[in-house]
Amino acid sequence: MKKPRSALKTDLFAADQHREKIDRLGDPLAEINLHIDFSALAAAVDQVAPRPVSSQGGRPPFPTETMVRILVLKRLYNLSDEQMEYQLLDRMSYQRFCGLTQVSNIPDRTTIWTFENRIGEAGARALFDGVADQLMRRGYIARGGQIIDATLVPAPKQRIRSHEKGIIEQQATPADWKPAQRRQKDVDATWTKKHGKSHFGYKLSINVDKRYKVIRAIETSTASVHDSRHFEQVLDPYNTSQNVYADRGYASQAREADLRQRGNRPEIQRKGARNRPLSDCQKRRNHRIAKIRARVEHVFGAIDQMGGMLIRTIGQARANVKMTLMATCYNLKRLVYLRRAGIEAF
């Protein structure tokens, strides 16, 4: 009986042919590699969180640049440490991006977890500042005014009994909690209400420039902290425009007076009060500001598309690292987009 024909072809150089086809189709990671200087980012991390050197020898650590690239992939695609290890073993594009094509010892989940926790908030901030510096060097300075807003970053809900909450508020640990149970309890995240719905987790406040939609400043906290508490912390004194845009949650006569004293022009939406509804003029002003302020929602939407905003870590410190990396990876992708689209800095 004649053997049926098959379109499958075996080739010793199949892997090379696959890589060539990936390049023809367009590898987004290759584009990131083209526009981002990862060696500079690694140097910034090493400066604030130097690698430990053991006098007794032992296995040498993986290069910081390799680990930084892995953290970027992990955040871009919202992967756990376990998933990141598997994808590094399985995906050709990930291996090429991280410089692991011809490497037999791929960093495992423990190595990835250890590196991220070692560099901590200082390392994450160094990455954010490093990407910001690369944007500045290419001329993408803050222009057109600044837009300030905040978003809730959900965390896994905790089941904490009422009597335990009182103990936690006194910065103590319930006596009946076992060590393993304590490690899985997030006692830093808080509840808040927004639009009539309850939310549990943290809050990320950002400052975005109107012209390039780049995140210029960030501030993190738990969810129960009011948005307006971060306003002054994220103000950008280097924006070329005096305009400061924000929604009605930031409305305050004292704040507007402070902005004018700083030399800014407050463009904060007006808020009505009981028996004092907004006038038609104020409504038109709010509508004009809303069309500009909506640009910050594009930023939050782009971050959400990177696998969502849910963080699965425990505690404020690790949550701060995750939120800072969210903003860093958004700016990184924004820089790549600006270069690819041919948007010249002016």
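I began with Gln282, where a polar atom of the side chain sits 3.0 Å from the backbone nitrogen of Ser279. For polar contacts I used this rule: a pair of N or O atoms within 3.5 Å, where within protein one must be able to donate a hydrogen and the other to accept it, and residues adjacent in sequence count only if both atoms are side-chain atoms.

A note on what I'm looking at: this is a predicted model, in which local features need pLDDT of at least 70, side-chain atom pairs count only at pLDDT 80 or more, and totals for chains, interfaces and linings use all residues. Residues are numbered from 1 along each chain as its sequence is written, and side-chain values use heavy atoms, with hydrogens and water left out.

**Around Gln282**

I placed Gln282 in helix H11. Helices (H or I, at least four residues) and strands (E, at least two) are DSSP runs, numbered from the N terminus. Is Gln282 buried or exposed, or something in between? Gln282 is partly exposed, at 27% relative accessible area; the scale calls a residue buried under 20%, exposed over 50% and partly exposed in between (1.4 Å probe, protein chains only).

Next I looked up the contacts, meaning heavy atoms within 4.5 Å. Setting aside neighbours within four places in sequence, Gln282 touches Arg270 and Pro277. I also checked Gln282 against Thr101: they are 181 residues apart in sequence and 60 Å apart in space, C-alpha to C-alpha.

**Salt bridges**

A salt bridge here is a side-chain nitrogen of Lys or Arg within 4 Å of a carboxyl oxygen of Asp or Glu. How many salt bridges does the structure hold? I have 17 down for the structure.

Arg270 pairs with Glu256 through their side chains at 2.8 Å, N to O. This links distant parts of the chain, 14 residues apart: Arg270 is in the loop between strand S6 (265-268) and helix H11 (280-293), and Glu256 is in helix H10 (residues 253-262). Arg270 is partly exposed at 26% relative accessibility, while Glu256 is buried at 9%.

Glu267 and Arg285 also form a salt bridge, at 4.0 Å, N to O. Glu267 belongs to strand S6 and Arg285 to helix H11, 18 residues apart. I noted Glu267 as buried at 10% relative accessible area, and Arg285 as buried at 17%.

Arg109 and Glu85 meet at 2.7 Å, N to O. Arg109 is in helix H7 and Glu85 in helix H5 (residues 81-90), so this pair ties together parts 24 residues apart in sequence. Arg109 comes out partly exposed at 39% relative accessible area, and Glu85 buried at 16%.

**Two domains**

The chain splits into domain 1 (15-123) and domain 2 (142-341); the bounds come from an automatic or database domain assignment. Their C-alpha centres lie 29 Å apart. Domain 1 puts 16 residues into the contact and domain 2 puts in 19.

How much area is buried between domain 1 and domain 2? I wrote down about 1,600 Å², with carbon and sulfur atoms giving 60%. That area is the accessible area (1.4 Å probe) that two parts lose on being put together, summed over both. In domain 1, Arg75, Leu76 and Glu121 lose the most area to domain 2, together 37% of what that side buries.

Between the domains I counted two salt bridges. Five residue pairs are in polar contact across the interface, both at pLDDT 80 or more. Helix H2 (28-35), helix H4 (64-76) and helix H7 (109-137) each supply at least two residues of the side of domain 1 that touches domain 2. H7 gives the most to that side, with five residues.

**The cores**

Last, the nonpolar cores: sets of buried Ala, Val, Leu, Ile, Met, Phe, Trp, Tyr and Cys residues joined through side-chain atoms within 4.5 Å. The largest has 67 residues, and Ile32, Phe38, Leu88, Ile206 and Ile215 have the most contacts inside it. Helix H13 (residues 316-340) gives the most to this core, with twelve residues. Apart from it lies another core of eleven residues, including Ile148, Val234, Ala246 and Ile268.

I finished on Phe38: not counting residues up to four places away in sequence, its contacts include Ile32, Val72, Phe97 and Leu332.
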